Each structure stands twice: as structure tokens, then as C-alpha cells.
Amino acid sequence: MAVYPRRNLKRILIDPGHGGEDPGAIGPGGEREKELNWRYSLTLKWLLEKMGYEVGLTRWGDVNVPLGWRGKLARGYDIFLSLHFNAGGEEAEGAEVWYHEGSRKGKQLAMWVDIELKKLGKTRGVKKDTNRYRRGFCVLRVAEGQGVPSALLEVDFVSNPKVEKKVKAEEERMRRMQAVANGIDKFLKGG
Ligand SMILES: [Zn+2]
């Protein structure tokens, strides 16, 4: 009898924020959020695949996909994670993980990702997204509407010149995405 490697059948959809005509935030040194999101998403995809997960992306390369579509693509997946970089001044620093108001599983997912990121340094913690304010994340609302536990990760502040420089490095990208992959893995294993 052949012995097959154990496969983890859980499926994860990663959403690299922005793309195409929408660059997202732009750092003081010219780094564009859409490109950071893309590189970080590919690294995260690779790390999760090494763990045995099946991983999809909402966009391939430098194209923009409407937010509602990105959320709809989550149907049938076990997790939806939208990946962004933040903007908010030259001093701001640290990851934020957002979940949709009322989603118990989304909150757990966000908490696990935050716990693992905290092992690397201070974060700004888990944040609850509500539709009541300006900042309602459409992708989270749509993905959660399909029963898929979802979170939106703001990896760090590209508006901070020190951060902008640091996050361009490959080791930094690997370190941070390994932490995120560990958080997702713990959530999916019922941590
Ligand atoms: Zn963004």
C-alpha cells in the first residue's frame, strides 16, 4: 500500500489589497502598498502551502478587483484574509488585525494572528470593524456574509519611513508572514 503525505484539506483565500490603477497607500520613499501587499501575499501563500493548506488569491498580478467580488470569491473557503499596509503618519507603527462585528470566528482568527505577530514585537492589536462608521470593510462584510471566517490584516505603516525601509527586506517579509501563517494554522486546528 502506498503511503501518501498527509494533506491538510483546509482552504484559505488571501486577498492582496488594491492593484492595477489603485496603488493603495504610498510611502514617503515611494513604496506602493499594492506591491507590498502582493509580495507579502505570495510569501504567505507559499508558507501556508508548505504546511499543507490549499491557498487561493483574489487577484493575480497587478490588477484591481472590485471589493464585492473579492469577498464573493471567498465562497467555499475555510478562511478569508485580506492583506494590506496601513497609512497614518510618520510615527505610526505596528500591525492591526480587523474582524467583522458580530463574527465570533472572525474574531478568533484575528486574535490568533495577533498573538503570533506579538511574538515579533508590539502590535496595535485586534480591532472590531463596524458598518456604522466610515471604515466599514466591504470585503469582510461580503466574505462573512457567506459564512467564511474573515480578517483584514494591516501588516504595518508604510507611511512611516523607517517601517517602509524595513518591510522591503525579504527576511522581514518571511518573519512576519511565518507568524501570520502560524496564527492561521492555530485557528484552523482549533487552537
Ligand atoms: Zn490598503
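This is a predicted model: local features need pLDDT of at least 70, side-chain atom pairs count only at pLDDT 80 or more; totals for chains, interfaces and linings use all residues.

Reply: The part to start with is helix α4, which covers residues 138-145. In α4, the buried residues are Val139, Leu140, Val142, Ala143 and Glu144. After α4 comes Gly147, which has a positive phi, near 80°.

To place this helix, consider the order of the elements. The protein contains six helices and six strands. Starting at the N terminus, they follow one another as β-α-β-α-β-β-α-β-α-β-α-α.

Two of the other helices, α3 (residues 104-118) and α6 (residues 170-188), pack against each other. In general, two packed helices are described by the angle between their axes and the distance between the axes. For α3 and α6 the angle is about 140° and the axes are 8 Å apart. An angle over 145 degrees would count as roughly antiparallel; α3 and α6 are therefore oblique to each other. Their crossing is right-handed. On the α3 side, the contact involves Gln108, Leu109, Trp112, Val113, Ile115, Glu116 and Leu117. On the α6 side, the partners are Ala179, Val180, Asn182, Gly183, Ile184, Lys186 and Phe187. By type, the residues of this contact are nine nonpolar, three polar and two charged.

Val55 belongs to strand β2, residues 54-57. Val55 counts as buried because it has 23 C-beta neighbours inside 10 Å, where the cut-off is 20 or more. If neighbours within four places in sequence are left aside, Val55 is in contact with Ile12, Ile14, Lys45, Leu48 and Glu49. Lys10 is 45 residues from Val55 in sequence, yet the C-alpha atoms of the two are 8.7 Å apart in space.

Among contacts with a separation of 6 or more, 77% are between residues 24 or more positions apart. Of the 191 residues, 46% count as buried. The C-alpha atoms fill a box of roughly 60 × 40 × 30 Å along the principal axes. The radius of gyration is 16 Å, which agrees with the value near 16 Å for a compact globule with 191 residues.

Conventions: Residues are numbered from 1 along each chain as its sequence is written. Helices (H or I, at least four residues) and strands (E, at least two) are DSSP runs, numbered from the N terminus. The radius of gyration is taken over C-alpha atoms; the globule rule is 2.2 Å times the number of residues to the power 0.38. A residue is buried if 20 or more other C-beta atoms lie within 10 Å of its own, exposed if 12 or fewer, and partly exposed in between; C-beta atoms are placed from the backbone. Two residues are in contact if their C-beta atoms, placed from the backbone, lie within 7 Å. Axes are lines fitted to C-alpha atoms, for helices over the stretch in contact, and angles run from 0 to 180 degrees between N-to-C directions. Angles under 35 degrees count as roughly parallel, over 145 as roughly antiparallel, 65 to 115 as roughly perpendicular and the rest as oblique. A crossing is left-handed if the near helix is turned anticlockwise from the far one by less than a right angle, and right-handed if clockwise. Ala, Val, Leu, Ile, Met, Phe, Trp, Tyr, Cys and Pro count as nonpolar, Asp, Glu, Lys and Arg as charged, and the others, Gly among them, as polar.
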